Amino acid sequence: MISVNSYKRAMDQITVTPDMETRINARLKGGPARESRKGRSFRSWPAACAACMALLISAVILVQPGRPQVQPPLTTVTRPVRYQAVAQLAEALPFTLKTPAGLEDKYEITEIAGYNKGEMGEIIYSAADSVITFRTCEGEKDVSGDYNQYEEMEKIEIAGVEVTLSGSGGKVFLATWSRDGLSFSLAFSGGIDADECRAIIESV
């Protein structure tokens, strides 16, 4: 589909001389159809002019000097691969999996999954009144997938690493940090005290 801006730019580059305008107007006023040498009649001149104009516009749009040829972005969505044990996820990931220690004493692991063809690992810990989602991947990035705007946000140092804590009402709902070439996130469904969040991060 040709956008309006592309159409306008194309039309700006088309020049119709007075002689061309006179001939086109003469044909549009109803000149008789011509026969080809093989006896086949041409289409009416208005249709022919319209077809030529469309080809000319297409050529100008596609071959504009200096215009970059932009390819549309490709979006690949992969389904999560679920595992029955943390050890299976650790084996599937291309990096060493580091997880919070001691959460299994208070929480039940309800989901273990790998995303983006094994580039990211996720473990969900569930209790009666709260859910903790732990994620990790290679590189330095926000791996949480949580783009909420929280009322409170601060950066603190935990175990020699800068950690971003986000939340509201004095509760931490999201913690993100990077260390040793890996990124981590902890999301707390009902919020958690900062001291308790610190203890979990220090155990990773």
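Ile 123 has Phe 134 as its bridge partner in strand E4, and this pair belongs to the antiparallel arrangement of strand E3 (residues 120–126) and strand E4 (residues 131–138), which seven bridges join. The model is predicted, so that local features need pLDDT of at least 70 and side-chain atom pairs count only at pLDDT 80 or more, while totals for chains, interfaces and linings use all residues. Residues are numbered from 1 along each chain as its sequence is written, and side-chain values use heavy atoms, with hydrogens and water left out.

E3 and E4 are part of an open sheet of eight strands with antiparallel pairing, in the order E1-E2-E3-E4-E8-E7-E6-E5; its edge strands, each pairing on one side only, are E1 (81–82) and E5 (152–158). Strands (E, at least two residues) and helices (H or I, at least four) are DSSP runs numbered from the N terminus, and two strands pair if DSSP finds at least two bridges between them.

Val 86 is located in helix H4 (residues 86–92). Leaving aside neighbours within four places in sequence, Val 86 is in contact with Leu 97, Thr 99, Ile 109, Ile 112 and Ile 123, contact meaning heavy atoms within 4.5 Å. The C-alpha atoms of Val 86 and Thr 99, which are 13 residues apart along the chain, are separated by 9.2 Å.
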